[in-house]
Structures are given as structure tokens and as C-alpha cells.
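My notes follow in the order in which I looked things up.

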Amino acid sequence: MRVSVSNLTFGYDYRTVLKDISFVLKSGDFLAVIGNNGSGKSTLIKCILGINKITPNRIRLDDVDVVDYKNYKNIGYVPQKFDDFNYEFPITVNEILQVSKYTDFTEDQKLELLDKVGILELQHENINNLSGGQLQRVFIARSLMNDPKLLILDEPTVGVDRENVEGFYKTINELNKEGITIMLITHNIHESKANFTHVLSLHNGEAVFREVSGGDE
Amino acid sequence: MLLINESFFFALFEYSFLKYALLTGLIMGFVTPIIGSFVVIRRLSFIADTLSHFSLAGLSIGLFLINIMGFTFISDPLYLAMIFSVIGALFIEILRGYYQNYKEISMPIVMSLGTALSALFISLSGGFNSSIYNYLFGSILTVGDEYLIFIAITTAIVLGLLFIFYKEMVMISFDETYAKLLGIKIARFQFVSTIILAVIVSLSIATVGVLLVSSLMIIPVAAAMKVGKSFKNTIIIAIMFSETSIIGGLWLSYELDIASGATIVLLNLLILVLVGLFRRFYVRKRLKQTQLDIQGK
């Protein structure tokens, strides 16, 4: 999916969080969004996801204005932590994926996906019994249930141990190779072994967008 | 089981009021834990209580209209309870939008209005009497065939809606943000599910009464979620717990001549305690076994 952001300014009440941001991603690009806490990383993501209401003609997804965008099933999203998810009530990995399915994603495709993400054997497990790293994979699998063309990950490796982080980036790089456009918010760009093609660094709401030479940072 | 003298089961064939009571109980015992599960997941347990208190306003206004004003167009105040429950639900939704960050404020406001209106119309209808007592603590034995059919049809509609929108309901309940991303119309679903809840709350009043409605909805779910392995499995267990306490409660209340609503709720609580003990025992035993296994290696 092509993502183009042009002169986006956004704020909450009197505070401007994003100042005149512009960048373009082509299909298959892999963008790292970096910046300190409060620099506007998550705000930018929320604008692209249509959660933050913005003015027209600022963000276009495959040439459709985000304001009019309806096809959100084309976008996979892995949130930072999973605070929005209601835990404690029993639900299995399979059940979560089942209710997240809104395209004709087949059972075989689902099993293939679980295998790729490395949680095939956990499909009947209650999510309350999973570790942070395993849970991470469940939410990545969920974000891929509808064959997204754009995958957005918000600091997905916070609280995940080193070994799992490496496995995670391997999976993400593979997905990117399949042509999915990826936007990854990260604190530590050097820790991640991702094959970024572009970097957007945010500082006090202002952005510097650059291409990464050689495809690796 | 020592108490069994089979009279309850013989009486079931003999008296239609017992048959109606059992059927009403079985229907409500099936549908309330299903609705209750969604209520528990969304941390809205207080809504059921609020709505049942608001329904009481409808009941007392109904009693006032029938007994004092002599209106005959309403055969049973329970129908007014449903209308009021839905009105209460609408109030809650409006107030929740008004106090975006303090959504729970809506509950005490609506509950106070309901309770105040109830007190007012109870006093206008000549004070506390046996019908009010029945509405407060349940009167499943007084359910007639007409209301039973009403309960059956309404429940069938509610279950049909749940079946059709199962995916959306589960998604919204567990993860509202993600549901929004998938393009699910959250506000619309929330509105419909609050109305459904209001309807089920008002129907439960006949079974256990205004004061005990939320326990019928919440306690079996609270017990089941401690032993359930999946979402569906938890709901099935909750239904089993709920039906057990309803059948057991009706039987005990008949045999011992005690209040049925109270017996049903107390049995529900007993199951909750037993599940808690079972878990404690089972989890400890498993931990001990794991420890032994590790030491053995």
C-alpha cells in the first residue's frame, strides 16, 4: 500500500503534537518511526488509522483520503502493549483470530499464518496463560488475518525478551519481502534487526524523513 | 439429596404454575449468563443493577396506574418494567456521552432517579404491599402463560441477534480499539447491546426480583471464568451453573417453602464458593506436583 502524508499538522486542545509532516511510502517500503516519548509517534499512527480525526487531503492511503477511507481491513495494526484488550476472561488464540476475520481468509491460510508467526501449537490455548512474547505473536497474527497491505506496529518489542525479539524481526522482514508496507515505531533503531528502507525521526512534533542506504541500518 | 420426596416433580405435572415457573427459570437461566458474559468482559456489571432499579420505577408506576387509577390497558406492570428498563438504558447512554471520562457517573444518576420514582409511586399506590415485595425479591411462581410466551419470544429475538452479530459483539467486548479499526460501528453496537441488556434485565425481574437481577447475570459468569478454558467453554459452564441453581433453587424453595429468588441466588453463590475452593485445591495440588517433578529430576 502507498502511504502519502502531506503537510500534516495535528494537536490536542492547545498543544500541537505534529507540525507540518510530509513523507511518502511506496508499496513494500519499510519505515522506522523513531523519537522520544511525547514526540508524536503514536499520534501520527492514530492519524493514519483514522482514530484521530484530521482535516481532509492530509493523508492518502492508495490514493484514497484517510478521511473517506473505509477499507481498514487492509491495514494490520499491532498496538503498543495490549492495554486496550480485556484480559482475565478466558478466550483462546483461535477464538480471537476467528472474530478478527473479515475477509475470506481460509482455515488453511490461518494455520499457515500461525505457523509463520510461530504459535501454531498455541492455537487452542487460553491467552491468559501466554507469556508477553507469545501474546505479541498472537496480536501480530491477528493483524495479518485479513491479508493487510499495510502493517503498523507500535513499539511491538517492549517487554519481550531478546531471543523473541530476534524471531519477531525475522518474521517482520519476511512479511515485508512479501510486499507488505510496514511502519514500525521503535525506541531503539539499532536494537532492531529490521530491514528498514526509510526512517522518520520525530522531535518536538517536527519530522526528518530519509531513505536508508543499503536497506539496513 | 436426602430431602427428595419427589413431590416437586409430581407437582410439576399437576400444577401449571410450577411448570411455567420452571420454564421461565430455564429460559432465563440460559440467556442471562450469555448476556452476563459480555457485561462482565466490558466491566459493566453495575449497569444490570442500575437498570433493574430503574425498572422498579416502571413497576411501581404500573401498580399505581392499575390499582389507584384503575387503568386496564396494562395487564401486568412487568411490561412497564421493560419499557422503563429501556428508557433507563437510553439515559445511561446519553449520560455516558456527556461525561466521556467519568462514564460510571451515569449509573448512580439513573439509579437514583429510578429509586426515587419507585419510592414516590409506591407511596402513592398505598405503600408497601405484597406485589412490591414480589417485584423486589422475585415471584417466579406467579408467572402466567402470557408472560412466559412473551419471555420466550423476546429471548429468542435476543439470541438471534447475538448469533448474527457474534463476531462483532465479541470483538467490541474484548478490544474496542481494534473493533473500531475493523470498521465496526461501535456506537451503534453499544446502543443495541445496552437495549438488549435492558430487555433481559427486565425479564429477569420475574425470576429473582429487582434486587437480585444482577446476581443472576453475573455470579454464574464469575464462577465460570475461573474454570473456563475458552470463551465458548466459559459461557457453556456459566449456563450449566445458572441452570443448576435455577432448577435446584426452585426445587428447594418448593420443598422447604422458602423464597425462590433468594434460594436461586444463594445456590449461585454456593457454586461460586465451591469453584473457588476447587481452584485453590486443584492449583495448589498441581504446583506441588510440579515441584515434586522438578525435585525428582
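**Entry 1: the interface.** I started where the chains touch. 20 residues of chain B are in contact with 19 residues of chain A. I count two residues as in contact if their C-beta atoms, placed from the backbone, lie within 7 Å. On the side of chain B that touches chain A, the elements giving two or more residues are α2 (16-41), α8 (166-174), α9 (176-181) and α12 (231-256) of chain B. Helices here are DSSP runs of H or I with at least four residues, strands are runs of E with at least two, and both are numbered from the N terminus. α8(B) gives the most to that side, with five residues. By class I found nine nonpolar, six polar and five charged residues on the side of chain B that touches chain A. Nonpolar means Ala, Val, Leu, Ile, Met, Phe, Trp, Tyr, Cys and Pro; charged means Asp, Glu, Lys and Arg; the others, Gly among them, are polar.

**Ground rules.** This is a predicted model, in which local features need pLDDT of at least 70 and side-chain atom pairs count only at pLDDT 80 or more, while totals for chains, interfaces and linings use all residues. Residues are numbered from 1 along each chain as its sequence is written, and chains are lettered from A and ligands numbered from 1 in the order in which they are written.

**Entry 2: α10 and α11 of chain B.** I checked helix α10 (residues 186-208) against helix α11 (residues 213-224), both of chain B. Their axes come within 7 Å and cross at roughly 100°. That makes α10(B) roughly perpendicular to α11(B). The axes are lines fitted to C-alpha atoms over the stretch in contact, and angles run from 0 to 180 degrees between N-to-C directions. Under 35 degrees is roughly parallel, over 145 roughly antiparallel, 65 to 115 roughly perpendicular, and the rest oblique. V201(B), S204(B), I205(B), T207(B) and V208(B) of α10(B) meet V213(B), L216(B) and M217(B) of α11(B). This contact has six nonpolar, two polar and no charged residues.

**Entry 3: α3 and α11 of chain B.** How do these two helices lie to each other? The axes of α3 (residues 45-68) of chain B and α11(B) come within 8 Å and cross at roughly 160°. α3(B) and α11(B) are therefore roughly antiparallel. From α3(B), S45(B), A48(B), D49(B) and S52(B) meet V213(B), S214(B), M217(B) and I218(B) of α11(B). I noted four nonpolar, three polar and one charged residues in the contact of α3(B) with α11(B).

**Entry 4: the core.** The largest nonpolar core has 145 residues, and those with the most contacts inside it are V33(A), I152(A) and L197(B). Such a core is a set of buried Ala, Val, Leu, Ile, Met, Phe, Trp, Tyr and Cys residues joined through C-beta atoms within 7 Å. α2(B) gives the largest share of this core, twelve residues. Residues up to four places away in sequence aside, I152(A) touches I45(A), I48(A), L49(A), I75(A), Y77(A) and M183(A).

**Entry 5: loop residues of chain A.** I51(A) sits in the loop between α1 (41-48) and β4 (59-61) of chain A. Beyond its neighbours within four places in sequence, I51(A) is in contact with K46(A) and K180(B). D147(A) has a positive phi of about 55° although it is not a glycine.

Definitions and conventions
A residue is buried if 20 or more other C-beta atoms lie within 10 Å of its own, exposed if 12 or fewer, and partly exposed in between; C-beta atoms are placed from the backbone.
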